[in-house]
Every structure is written in C-alpha cells, then in structure tokens.
Amino acid sequence: MKSVVASLLIGSLAQASWAVPAPPVIDVYKSPTCGCCNKWIDYLKANGFTVRSHDTDNVAEHKVRRGVPSGYGSCHTAEIGGYVVEGHVPAREIKRLLKENPRARGLVVPAMPVGSPGMEAGGRKDPYKVFLVNQRGSVRTYTQY
Ligand SMILES: [Cu+2]
C-alpha cells in the first residue's frame with residue numbers, strides 16, 4: 001500500500017515538472033559593441049528569460065521590420081512571442097505583455113533612460129515611460145517609472 005502511494009506521488013510529481021513551461025525565449029538584435037545591450041541581456045537572463053543574442057551592424061533594419069515608430073527607437077530591438085520589445089524595457093512589463101496578450105506591435109522604451117534596466121548609473125533614476133505600440137503604430141503609455 002505504501003509503495004502504491006509512493007508511486008502515485010512520484011507519478012504526479014513527474015507530470016507536474018513536465019508541465020512547467022519552458023522559459024520564454026527572446027531574440028535580441030544589437031550592435032556588437034553595445035555595452036548597455038549586454039547588461040540588459042544579463043538582466044533578462046537573471047529574470048528567467050532565455051536570450052538569443054544576434055549581433056548586427058544594422059539594428060535599424062529590425063526596427064523598421066517590426067514597426068517601431070520613428071522617434072521611439074533605442075539601442076537594441078528584441079522579439080518575443082510575436083511582439084517587438086524596443087530598448088531597456090523592464091522584465092516585469094514584458095511578462096505583463098505576454099500575459100495580457102494585447103493586439104499590438106509591442107513595447108518601447110525610447111532612447112536610453114538612466115536607471116532603466118541595463119542603464120544603471122550609481123543610484124540615479126530618471127523618470128521614463130514604457131509605451132505600448134498598437135497595430136497602427138501609434139503609442140500609449142503602458143507604465144511609467
Ligand atoms: Cu542601451
């Protein structure tokens with residue numbers, strides 16, 4: 001009887017671990033010399049993402065391809081789950097995006113705000129916004145920090 005209970009337990013544990021979703025994969029396009037891009041990549045890994053990093057001399061091509069509105073670009077462009085993630089976007093907002101699954105192009109943090117993930121400089125934190133880009137390319141504030 002004991003062994004039956006044990007094997008049932010082991011069976012359900014095995015099933016539970018099998019059901020754990022794989023960490024989300026994010027593709028990042030960046031220039032080979034971008035230091036803050038690498039810091040953002042390390043930050044994503046620390047937050048449970050699997051990162052595929054792609055060095056390119058033409059990051060702008062990926063912004064155009066993914067429909068990042070002009071004037072909202074940053075140093076790197078990423079893709080996850082069919083969305084674009086432009087710039088130093090916090091992991092929390094990427095996870096929220098995937099969970100809410102809106103009809104949109106994705107998220108952008110324009111430029112490179114000091115204090116955003118990968119842009120740490122001492123304790124300085126400049127205020128910045130995360131924008132949601134809708135399918136027509138217009139933006140609205142998703143969150144602000
Ligand atoms: Cu940067």
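Predicted model: local features only at pLDDT ≥ 70, side-chain atom pairs only at ≥ 80, totals over all residues.

Me: How many helices and strands does the protein have?
Reply: The secondary structure comes to 4 helices and 7 strands. Read from the N terminus, these elements follow the order α-β-α-β-α-β-β-α-β-β-β.

Me: Which way do E5 and E6 run relative to each other, parallel or antiparallel?
Reply: Strand E5, residues 104–108, and strand E6, residues 129–134, run antiparallel and are joined by 4 bridges. Within this pair, Gly106 stands opposite Val133 of E6.

Me: And how many bridges join E6 to E7?
Reply: There are 5 bridges between E6 and strand E7, residues 139–144, and these strands run antiparallel. The bridge partner of Leu132 in E7 is Arg140.

Me: What about the turn there: which residue takes a positive phi?
Reply: That residue is Gly137, with a phi near 95°, in the hairpin of E6 and E7, where 4 residues lie between the strands.

Me: New topic. Where is Asp126?
Reply: Asp126 is located in the loop between E5 and E6.

Me: Why is Asp126 called partly exposed?
Reply: Asp126 has 13 other C-beta atoms within 10 Å, so it is partly exposed; a residue counts as exposed at 12 or fewer and as buried at 20 or more.

Me: Which residues is it in contact with, beyond its sequence neighbours?
Reply: Setting aside neighbours within four places in sequence, Asp126 is in contact with Pro113, Val114 and Gly115.

Me: Last one: what share of the protein is buried?
Reply: Buried residues make up 30% of its 145 residues.

Note on methods: Residues numbered from 1 in each chain as written. Pairing = 2+ DSSP bridges. Helix = DSSP H or I, 4+ residues; strand = E, 2+ residues; numbered from the N terminus. Contact = placed C-beta atoms within 7 Å.
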